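Here are some notes for a first look at this entry. Please keep the sequence and the 3D view open while reading.

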Amino acid sequence: MKILAIETSCDETGVALVEGQKTDSPAGEGFVFKQLGNAALNSQAKLHAEYGGVYPNLAKREHEKNLPIILEQALRNVADEKIDAIAVTQGPGLEPALWAGITFAENLAKEKNLPLIPTNHMEGHLISSLVQDGKMENVQLPVLGLLISGGHTEYVLMRNWFEYEVIGETQDDAVGEAFDKVARMLGLPYPGGPQISKLAEEARIKNVVPYMGLPRPMIHDKNLNVSFSGLKTAVLYMIRDAGGIHTLSSDQVSAIALEFENAVGDIFISKTRRALEESGAKTFVIGGGVAANKYLRERLVKFVEDEFPNVEMRLPELSITGDNAVMIAEAALARALSGIDDVAKEPVRAYSNRFSILPPK
Ligand code: KG4
Ligand code: ZN
């Protein structure tokens, strides 16, 4: 089965053509995926850098402009493939941005007389993060997913295939948003996650002493929720008390980046320990843009190996941690190949829904 997928939930315009097949995985569902069309992406990060974040109406305009070009690019080297369905991200995301993709996908589906499959962005992050070398096989349930991105931070439990329960989530900012805002305070450009990560890594190599003043909010609370706004504000005060950003040496800036990243790591280790204990998950997977973070990846892998040797940890390939259309195609394919009928019976509606894997009520 071949699905053409369209993703415009935030600031990336993505189109991908992916072929999927079911395999005889000994444990539960098994799939093999092959990217046929080059998944084309077009980052608008530079445009949004001026605003220090994503500006929804600008994103919408850019998607409308980019979609025909990206579609052409994605299908350029594809020889006359028969497409079976079109999948489109319906949410969660920025509504104006989502509508650009949905309208485009609806027109395309009508023109090509193909079914349209509305797809959840978070399910895309989760399912695609389980894929290894094009295969998603031998996945032991329950799966615990930690979805971390610029818009979302949640612990998701999948006890049965494609059934999700959000068992913990941020009470305020998403972790990627905190990375971006702290980066901005430190005078680093948007998106700030990779910049902080780079500075923190340099600081570790140089043995810079981290500022020991940042809190680890909610770390001792007996639940799986997290909070990043207090941490962000603590960085603001730390910079102010040190005399302002312009008085800081580059080592001091790196020390703050290091301490911030350490705090985020401590929070996720503590909450993941609780989540694995409480859920009895056999598989742990991380997904979303922040799942590209080298330090978090390495720390979580080591933690699971040391403390939960019977849990299998899966990491997404770096090419799909950020928003992309391959993940939307894979989620739609996995569901369709499992016999779930998601074909839209009515016009598709965009939803923001607090950036959760659960569809709106
Ligand atoms: O999944 P994504 O591309 O878009 C959303 O759905 O939000 O995630 C983007 C977020 C941004 O906040 C960006 O700063 C963060 O992911 N990010 C990182 C890293 N790479 C991207 N955060 C920390 N470390 C990284 N290496
Ligand atoms: Zn995302």
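**Notes on the two ligand sites**

1. Start with the metal. In sequence, the donor residues of the zinc ion (ligand 2) follow the spacing H-x3-H-x197-D. His125 sits in helix α4 (residues 121–130), while Asp323 sits in the loop between β11 (312–314) and α10 (326–337), so this pair ties together parts that are 198 residues apart in sequence. Bear in mind that this is a predicted model.

2. Which atoms hold the zinc ion? The protein donors are His121 (NE2), His125 (NE2) and Asp323 (OD). They lie 2.1 to 2.2 Å from the zinc ion.

3. The geometry deserves a look. The 4 donor atoms around the zinc ion subtend angles of 91 to 155°. The arrangement is irregular because of those angles. A tetrahedral label would need all angles between 85 and 135 degrees.

4. Now turn to ligand 1. There are 21 residues around it, and Ser149, Gly150, Asp180, Gly289 and Asn293 come nearest. The shell divides into 5 nonpolar, 14 polar and 2 charged residues.

5. Check the polar contacts of ligand 1. An N or O atom in the Ser149 side chain is 2.7 Å from a ligand oxygen. Polar backbone atoms also take part: Gly176 at 3.1 Å and Gly193 at 3.0 Å from an oxygen atom of ligand 1. Taken alone, ligand 1 exposes 560 Å², and the protein buries 86% of that.

6. Which elements give two or more residues to this shell? They are α4, α5 (175–185) and α6 (193–205). The largest share, 3 residues, comes from α5.

Conventions: Residues are numbered from 1 along each chain as its sequence is written. Chains are lettered from A and ligands numbered from 1 in the order in which they are written. This is a predicted model: local features need pLDDT of at least 70, side-chain atom pairs count only at pLDDT 80 or more; totals for chains, interfaces and linings use all residues. Side-chain values use heavy atoms; hydrogens and water are left out. Donors are N, O and S atoms within 2.8 Å of the metal (3.2 Å for Na, K and Ca); water is not among the atoms, so sites may look incomplete. Four donors count as tetrahedral if all angles lie between 85 and 135 degrees; four count as square planar and six as octahedral if opposite donors are over 155 degrees apart and all others between 65 and 115; anything else is irregular. Helices (H or I, at least four residues) and strands (E, at least two) are DSSP runs, numbered from the N terminus. A residue is near a molecule or strand if one of its heavy atoms lies within 4 Å of it. A polar contact is a pair of N or O atoms within 3.5 Å; within protein, one must be able to donate a hydrogen and the other to accept it, and residues adjacent in sequence count only if both atoms are side-chain atoms. Accessible areas come from the Shrake-Rupley method with a 1.4 Å probe; for residues, only the protein chains shown count as cover. Ala, Val, Leu, Ile, Met, Phe, Trp, Tyr, Cys and Pro count as nonpolar, Asp, Glu, Lys and Arg as charged, and the others, Gly among them, as polar.
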